[in-house]
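Keep the sequence and the 3D view at hand.

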Amino acid sequence: MSFATEVVISLFLFLGACFALVGSLGLARLQDFFMRLHGPTKATTLGVGGMVIGSIIFFTAGEHELSLHELLIALFLFITAPVSAHIVGKAALHRQLPCEERTKNVPWAEGEKDSVDIN
Amino acid sequence: MSSLAGKKLFPHKLLSAFMLGLWLLINNTIAPGHWVLGLLLAWAIPFFTQSFWPQSMVINRPVLALRFLLLVLWDILIANVQVAFLIMGSRQKLNPAFMRIPLELKQDFTITLLANTISLTPGTVSVDLQMEEGYLLVHGLHIDDIDQAIADIKTRYEKPLKEIFECSNP
Amino acid sequence: MLQSVIQITMFIIGLALVLNLWRLCIGPTMTDRILALDTMYINSIAMLIVFGMHEKSTLYFEGALLIAVMGFVGTVALSKYLLRGDIIE
């Protein structure tokens, strides 16, 4: 494996790891639940995406034949991450979790408590 | 297309192509034997499960679909960097907001695609869908102007989706 | 060089996993814990992929794919339970 390939793989791995860390940091330090929802859905998908691209280059260059099956993981995560974020968010709406005070347009504030009728 | 006791022989061409691609990827090979087996599966599974999939999806404008895919991928990249800076910056400066996006899309599949696109891109997560009242509830991490953000989402994502999937077959 | 980069990457993902574990412990609500578990399985997929590169083996790919499938089902089942008080009606 040439030095240039190693640099490219390292770049992808490092970027992916940083995005994964930032996503988890968002989960750990933001104030209310709905803000925490943003970290994992985006940063971790791109984090895994970076790892997957790095891994594809690594095994393709290491074994001299195209190895694309890691793409399946990225594809699967890009399909499921928004769905799981949606359904967790829906559960949170259903329980009407407390929001940060600055949040605008909270659906269950100002007496329209019944409007969030999730079934 | 021939019909067999009221059933179409190839009910979902896109699904079939997708399944063939998936089969080749999961086996990580392009050997001829796997092409045959994959083609067989890609025909048989949509054929025998066609009553589960009432709507057949059609891409009316393939070029626009490809451009939309690239746009979304690019937006995901940009959004990730923006959200990363928002998360690492000051927590007190964030302006979270809920938005109600009125929907013009009609088909379930297109609405799903729109909701997933919104969840994957700039600082927004779709949290609830109200079909009767026809809006999508979206939470934004840092929204300065709510009306502007709603208009952005509608022109950037909803309009292309409507053109790709829904326009010429009402 | 690549081996040390892989080790640094694993360290960073480990840090991310610790942060998730912290959120899983302090809560404060049930949905926060579900979200923490969700993030944790995605991070462990990343960890497995990198570990596969460390061991130069493609076997770990299968494990990562299984975790992806099972983790998604688990998240949906737990959220569904919170939404309805029941998983399969």
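In what sense do β3(B) and β5(B) pair, and over how many bridges? The model is predicted. In it, β3(B) and strand β5 (residues 135–140) of chain B pair in the antiparallel sense, over 6 bridges. Within this region, B:Met99 stands opposite B:Val138 of β5(B).

**The sheet of chain B**

The sheet is open and has 3 strands, in the order β3-β5-β4 (chain B), with antiparallel pairing. Its edges are β3 (97–102) and β4 (124–130) of chain B, each pairing on one side only. From one strand to the next, the twist averages 25°.

Two helices lie against these strands. Helix α4 (residues 108–120) of chain B lies across β4 and β5 of chain B. Its direction runs at about 150° to β4(B). Helix α5 (residues 146–166) of chain B packs on the sheet and touches β3 and β5 of chain B. The direction of α5(B) makes about 45° with that of β3(B).

**Helix pairs involving chain C**

Helix α1 (residues 2–26) of chain C takes part in both pairs below.

| Helix pair | Axes come within | Crossing angle |
|---|---|---|
| α1(A) and α1(C) | 9 Å | roughly 10° |
| α1(C) and α2(C) | 9 Å | roughly 165° |

Angles over 145 degrees count as roughly antiparallel, so α1(C) and α2(C) are roughly antiparallel to each other. Their crossing is left-handed. From α1(C), the contact includes C:Ile6, C:Met10, C:Ile13 and C:Leu17. Among the residues they meet in α2(C) are C:Ala36, C:Met40, C:Met47 and C:Val50. By class, this contact has 13 nonpolar, 5 polar and 3 charged residues.

**Chain A against chain B**

Which element gives the largest share of the side of chain A that touches chain B? In total, 34 residues of chain A are in contact with 30 residues of chain B. On the chain A side, α1, α2 (33–36), α3 (38–63) and α4 (71–95) each give two or more residues. The largest share, 8 residues, comes from α4(A). This side of chain A has 18 nonpolar, 11 polar and 5 charged residues.

How values were computed:
Residues are numbered from 1 along each chain as its sequence is written. Chains are lettered from A and ligands numbered from 1 in the order in which they are written. This is a predicted model: local features need pLDDT of at least 70, side-chain atom pairs count only at pLDDT 80 or more; totals for chains, interfaces and linings use all residues. Axes are lines fitted to C-alpha atoms, for helices over the stretch in contact, and angles run from 0 to 180 degrees between N-to-C directions. Helices (H or I, at least four residues) and strands (E, at least two) are DSSP runs, numbered from the N terminus. Two residues are in contact if their C-beta atoms, placed from the backbone, lie within 7 Å. Ala, Val, Leu, Ile, Met, Phe, Trp, Tyr, Cys and Pro count as nonpolar, Asp, Glu, Lys and Arg as charged, and the others, Gly among them, as polar. Two strands pair if DSSP finds at least two bridges between them. Angles under 35 degrees count as roughly parallel, over 145 as roughly antiparallel, 65 to 115 as roughly perpendicular and the rest as oblique. A crossing is left-handed if the near helix is turned anticlockwise from the far one by less than a right angle, and right-handed if clockwise.
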